[in-house]
Amino acid sequence: MGREVSESCVDNLMIEMVSAYCNRFYSTKPELAARRIEAIGYQVGHQLSERYTMERPRFSDHLEAIKFICKDFWAELFKKQIDNLKTNHRGTFVLQDNRFQWLTRMSIDPSPANADLSQDSSGETAENRAVQITSMHLYFPCGIIRGALSNLGIPCAVSVDTSNLPACSFVVRIKA
Amino acid sequence: MIVCIAVVGHQSFTEADDALKLHHIVHCSLDVIDERVNNPKKTGSTLNETYLGLLYPTENYKVYGYLTNTKVKFILVTTHLDVRDADVRNFFRRFHSAYVDAVSNPFHVPGKKITSQTFAERVSTIVKSFGLSSAV
């Protein structure tokens, strides 16, 4: 059961979705674009968690559910597991993926034409813009994680830390 | 014969003959499920749970419950007297699969009634084959 789609189609769809929301639908309001993308991710995560928890016994606690996300869920989505999981045992988890699939093909365009707008700190602006563009692409997986955990009964907030690409760390804070 | 199948997440979707009576039965079994879930025995924390023997005063019904990881409950009401455990598990497995496909519909709003025609057809196929296999 189930028809399949090639991975490059999914990659292209992701890229086009972010570009459409950022440049066409909400070009003047990047926060709104980010929220819409995250909301789409939430619904997808919700439905995917329904599908991937089908055959499994129920989770006994939050840690079990997070481990499920790190291993089985991530493996179904990206064919690899989360590389590193850290917790402070007080409701915060850090999921680190050393080579996040949707970022591996990204390169930032350092063209000087765009940097001319601000003469004084053009290097920094290009850097900031690179980080901003990358973080736009990461709202969708944040939404997926949030949707999946919410469906398992764990309301949380998910943010991402991109200090060294293509590794990225998803920070999950469980709302008590 | 299966009289009613209910999917209870936040709202319920039922397919039933005698709606009011069956709603009553379904609500009672929900209470039992909650009781079971809140007092877990260490050995009994599995995906499926079977609840046999909820006898309605005037007629014999058997009510089975199934709880998914996402806290969605399936309740099956049947008038079959000698239904086998394996059949019910099989039924719930197929029903769960149909439910997951229905919920994966991007136009489905979570929490609202499932309105997919395909889902209704698959469920009636599963129900019919349940009846036949148990008739042996």
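From the N terminus on, the elements of chain A run α-α-α-β-β-α-α-β-β, giving five helices and four strands. The model is predicted. Chain A has 176 residues, and buried residues make up 38% of them. Among the contacts in chain A with a separation of 6 or more, 57% are accounted for by residues 24 or more positions apart.

Chain B has 136 residues, of which 39% count as buried. Three helices and four strands are found in chain B, and their pattern along the sequence is β-β-α-β-β-α-α. For chain B, residues 24 or more positions apart supply 53% of the contacts with a separation of 6 or more. Chain B exposes about 7,700 Å², with 56% supplied by carbon and sulfur atoms.

The packing of two helices was examined in chain A. Two packed helices are described by the angle between their axes and the distance between the axes. For helix α1 (residues 7–25) and helix α2 (residues 30–52) of chain A, the axes come within 9 Å and cross at roughly 145°. The crossing in which α1(A) passes α2(A) is right-handed. On the α1(A) side the contact involves A:M17, A:V18, A:Y21 and A:C22, which meet A:A33, A:R36, A:I37 and A:I40 in α2(A). By residue class, this contact of α1(A) with α2(A) comprises seven nonpolar residues, no polar residues and one charged residue.

Helix α2 of chain A also holds A:E38. This glutamate counts as buried because its relative accessibility is 15%, and the cut-off for a buried residue is under 20%. Leaving out residues up to four places away in sequence, A:E38 touches A:Y139, A:C142, A:G143 and A:R146.

The largest nonpolar core contains 40 residues, and the members that touch the most other members are A:L95, A:F100, A:L149, A:F170 and A:V172. Two or more residues of this core come from each of α1, α2, α3 (62–78), β2 (92–97), α5 (122–151), β3 (156–161) and β4 (168–174) of chain A. A second, separate core has 19 residues, including B:F91, B:Y99, B:F119 and B:F130.

Within the largest core, A:F170 is one of the residues that touch the most other members. When residues up to four places away in sequence are not counted, A:F170 touches A:W74, A:F93, A:V94, A:L95, A:F100, A:L138, A:P141, A:C142, A:I145, A:V158, A:S159 and A:V160. One of these contacts, A:W74, is found in helix α3 of chain A. With a relative accessibility of 1%, A:W74 counts as buried. Apart from its neighbours within four places in sequence, A:W74 is in contact with A:I69, A:K79, A:K80, A:Q81, A:I82, A:D97, A:F100, A:I145 and A:F170. A:W74 and A:M17 are 57 residues apart along the chain, and their C-alpha atoms are separated by 21 Å. A:M17 is among the α1(A) residues that meet α2(A).

Several loop residues of chain A were also examined. A:K79, one of the residues in contact with A:W74, lies in the loop between α3 and β1 (84–87) of chain A. A:K79 is not a glycine, yet its phi is positive, at about 60°. The relative accessible area of A:K79 is 65%, so this lysine is exposed. A positive phi, near 60°, is also found for A:H89, a residue other than glycine. A:H89 is placed in the loop between β1 and β2 of chain A. Its relative accessible area of 71% means that A:H89 is exposed.

The loop between β3 and β4 of chain A contains A:S163. Because exposed means over 50% relative accessible area, A:S163 counts as exposed at 62% relative accessibility. From C-alpha to C-alpha, A:S163 and A:E7 are 26 Å apart in space, and 156 residues apart in sequence.

Conventions. Residues numbered from 1 in each chain as written. Chains lettered and ligands numbered in written order. Predicted model: local features only at pLDDT ≥ 70, side-chain atom pairs only at ≥ 80, totals over all residues. Heavy atoms only, no water. Axes fitted to C-alpha atoms, helices over the stretch in contact; angles between N-to-C directions. Left-handed = near helix turned anticlockwise from the far one by under 90°. Contact = heavy atoms within 4.5 Å. Nonpolar A, V, L, I, M, F, W, Y, C, P; charged D, E, K, R; others polar. Buried < 20%, exposed > 50% of the residue type's maximum accessible area, 1.4 Å probe, protein only. Areas by Shrake-Rupley, 256 points an atom, 1.4 Å probe, with all protein chains shown as cover. Core = buried A, V, L, I, M, F, W, Y, C linked by side-chain atoms within 4.5 Å.
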